[in-house]
Amino acid sequence: MTHVIRHCPDCGPDQLFEQYHAPAGNCPDSPDGDCPEWSCTDCGAAVLIGLNSTLRIAAEALELRDRVA
């Protein structure tokens, strides 16, 4: 599994996180293998890290849709 150290929103201090679907092709949300789901190895809190660009573009489009010129 892939691991990183990040701030845990539940535990508080920096903790070791592991990628939930690390092997390529195992993530239902990102078939290219870059799974955004990570979990704290201490408490199990889940976070999304590095959402793919398609999700970011869709979120930006929704945000812009509500703006009036």
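Colleague: What makes strand S1 and strand S2 a pair?

Modeller: Strand S1 (residues 3-7) and strand S2 (residues 14-19) share 5 bridges in the antiparallel sense. Two strands pair if DSSP finds at least two bridges between them, so S1 and S2 count as paired. The strands themselves are DSSP runs of E with at least two residues, numbered from the N terminus. This is a predicted model, where local features need pLDDT of at least 70, side-chain atom pairs count only at pLDDT 80 or more, and totals for chains, interfaces and linings use all residues. Residues are numbered from 1 along each chain as its sequence is written, and side-chain values use heavy atoms, with hydrogens and water left out.

Colleague: Which residue in S2 is the bridge partner of Val4?

Modeller: Phe17. Ile5 stands opposite Leu16 in S2.

Colleague: Which residue in the hairpin of S1 and S2 takes a positive phi?

Modeller: Gly12, near 105 degrees. The hairpin has 6 residues between the strands.

Colleague: What is the order of the strands in the open sheet?

Modeller: The order is S1-S2-S3-S4, with antiparallel pairing.

Colleague: Why is one side of S1 and of strand S4 left without a neighbour in the sheet?

Modeller: S1 and S4 (46-48) stand at the edges, so each has a single partner strand.

Colleague: Why is Gln15 called buried?

Modeller: Gln15 sits in strand S2. Its relative accessible area is 17%. Buried means under 20%, exposed over 50%, partly exposed in between (1.4 Å probe, protein chains only), so Gln15 is buried.

Colleague: What does Gln15 touch?

Modeller: Val4, Ile5, Arg6, Cys8, Cys40 and Asp42, not counting residues up to four places away in sequence. Contact means heavy atoms within 4.5 Å.

Conventions. Helix = DSSP H or I, 4+ residues; strand = E, 2+ residues; numbered from the N terminus.
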